[in-house]
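Welcome! Have the sequence and the 3D view open side by side, and let us walk through them together.

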Amino acid sequence: MIEAILVEGLIYGIMVLGVFITFRVLDFPDLTVDGSFPLGAALMVQGILLGMNGWLALLIAFIGGVIAGVVTALIHNHLKVPNLLAGILTMTMLYSINIRILGNRANVPVLDQETLLSDVSSRLSGVVPDEYIMLLFFVVVALVIKLLVDMFFRTDLGMTIGAMGNNEQMIISQGINPKTLKTIGLGLSNGLVAVSGAFAAQYLGFADVGLGQGIIISGLASVMIGEFLIMKSNKIGILTLCALAGSVLFHAVMYVGRYYGYVIDMTPNDLNLIKGLLIIVLLIITQARKFNMATFKAMVQK
Amino acid sequence: MIAIKNAAVIFNQGTVNENQALRDINLNVKEGDFITIIGSNGAGKSTLFNLIAGTITPATGSIHVNGRNVTREPEFKRAQYIGRIFQNPLLGTASNMSLEDNMMITYRKGFKWLKRSLNNKMREYFSSELVQLKMGLEQRMKENLVMFSGGQRQALTLLMMVLSKPALILLDEHTAALDPKNAEIVLELTDKFIKEHKLTSMMITHNMSHAIEYGNRLLMMDQGEIIFDVSGDAKKELTVEKLIEKFHELRHHGFENDRALLAE
């Protein structure tokens, strides 16, 4: 059970890193995610079915995600469409594109195919106990991606993107076009989301066009849970670690809901409601915390 | 260096709220000029800056920088050679980033690539520059800017702008949101930097005595027009009283209302 939660948490954690980049670093609520996650899954599965090298298929999934993000950025930047609507537009168009990629089918299985994961399993079999192979693999994958994201945000370009989310005027005053930075940030974010979708498809054994439904809510809830773990920090390494941890915790909650929810007569169909309520509860607690801090400060000053 | 030719700016054109913010402005800014600008609220001072910085484009007329027509050039491109400081001290820096990261982003203008320039050599350079502010900020390089006061942040914005060597700097009442002590410190730093680096600058102020004390040229604006332009020795002889008298002579309306505001 624990391995399953951790593995799921880490796979979706890559998506949470993407959501963290848009919502927290760029300050751009990007809903493209609901389309770019199944896009990654579809590209990966189709790549496997065509007999492509697994890593190459993964790269294609990443590039597909980047393009999806760039499209949202272009719609927002050049047509002056509000950011939420731009994301919804791309997401809606991706629904049709994803079905196309899957060969006009809504669900394509890869259970009997050679995937990246089955390849890794067969290589590590015997070296590592079978039940821990996936866990070990995804710990490494998630950490490598996390470290790459950290490195990116420590470069000059990454820092300017971080500053733009905070203060767009400052970036304009530096002679930098904020549109370019938004395009880069959204591309990167959706690329990560697509990679997450690609791994999820292999782990689940199929790609489904509905795989991304409500994924943005899962991502956002995970980011918020992660932020609960620490007091404020501006260290990118800590923030991304919290995003991953938040994802694992979120999946633990969902796991419990899925397998033990029947005790209180809950069905898997209730999970979306639970996700939404979880976010609302987190928001209420955050507000209460802020309020407490403010009253506390006021009292100290008196 | 900067030439504005017959520029007019109209807000809400064609509606009942139509407002002519700038009327037929002609202005030549020479290299090395330090121009102070005064005028009551709504006189068009900030609109003039927005026009020069590229935040707005004029309805008619043109703007030239060193002979090049930049009327249609977007704000971020003009920012490559124009430095601007706003009244709000929060606009110049990123609150949730450290001091050294902020300096890294701003010490040089333009797009930044995928390399990591922040190293110990840069840190030494930044801290040696920060010493000039005499605020002890060189000891706080890793702190988030949220922890800094408005005066410190404005001084920092000023320093970083100077380091990026702009051809023209626009100061839009950059000390108005600060307490009197900090305002004085920032203003003195401004004057020092402008003299040291021979910066061409324009400064909007609500304080008449500052407008007279600093700079080599003074513009008075009213209702979208430059009504008084004085420089050199004539400016040195100005006093607050003479300025108010001058305004009265040129315009016969509501100055008394503005008097308190202008003279502070």
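## Where the chains meet

Two residues are in contact if their C-beta atoms, placed from the backbone, lie within 7 Å. Keep in mind that you are looking at a predicted model. By that rule, 19 residues of chain A are in contact with 28 residues of chain B.

Which elements of chain B give two or more residues to the side that touches chain A? They are helix 2 (75–78) and helix 3 (99–106) of chain B. Helix 3 of chain B gives the most, with 4 residues. On this side of chain B you will find 10 nonpolar, 10 polar and 8 charged residues.

## A sheet in chain B

Now turn to the open sheet of 6 strands in chain B, where the order is 6-7-8-3-9-10 and the pairing is mixed. Its edge strands are strand 6 (82–85) and strand 10 (225–231) of chain B, each of which pairs on one side only. From one strand to the next, the twist averages 15°.

Let us pick out one pair of neighbours. Strand 7 (residues 168–172) and strand 8 (residues 200–204) of chain B pair in the parallel sense, over 5 bridges. To find the place by eye, look for B:Leu168, which stands opposite B:Thr200 in strand 8 of chain B.

## Two helices side by side

Two packed helices are described by the angle between their axes and the distance between the axes. Helix 5 (residues 150–163) and helix 6 (residues 180–196) of chain B pack at an angle of about 10°, with their axes 9 Å apart. Angles under 35 degrees count as roughly parallel, so helix 5 of chain B and helix 6 of chain B are roughly parallel to each other.

Which residues make this contact? Helix 5 of chain B brings B:Gly150, B:Gly151, B:Gln154, B:Ala155, B:Leu158 and B:Val162. Helix 6 of chain B brings B:Asn182, B:Ile185, B:Val186, B:Leu189, B:Thr190 and B:Phe193. The residues of this contact divide into 7 nonpolar, 5 polar and no charged.

## The largest nonpolar core

How many residues does the largest nonpolar core have? It has 156 residues, and those with the most contacts inside it are A:Phe20, A:Ala41, A:Met44 and A:Ala198. Helix 1 (residues 2–26) of chain A gives the most to this core, with 15 residues.

Leaving aside its neighbours within four places in sequence, A:Met44 is in contact with A:Ala57, A:Leu58, A:Ala61, A:Ala198, A:Ala201, A:Gln202 and A:Ala207.

Note on methods:
Residues numbered from 1 in each chain as written. Chains lettered and ligands numbered in written order. Predicted model: local features only at pLDDT ≥ 70, side-chain atom pairs only at ≥ 80, totals over all residues. Nonpolar A, V, L, I, M, F, W, Y, C, P; charged D, E, K, R; others polar. Pairing = 2+ DSSP bridges. Axes fitted to C-alpha atoms, helices over the stretch in contact; angles between N-to-C directions. Parallel < 35°, antiparallel > 145°, perpendicular 65-115°, else oblique. Core = buried A, V, L, I, M, F, W, Y, C linked by C-beta atoms within 7 Å. Buried ≥ 20, exposed ≤ 12 C-beta atoms within 10 Å, placed from the backbone.
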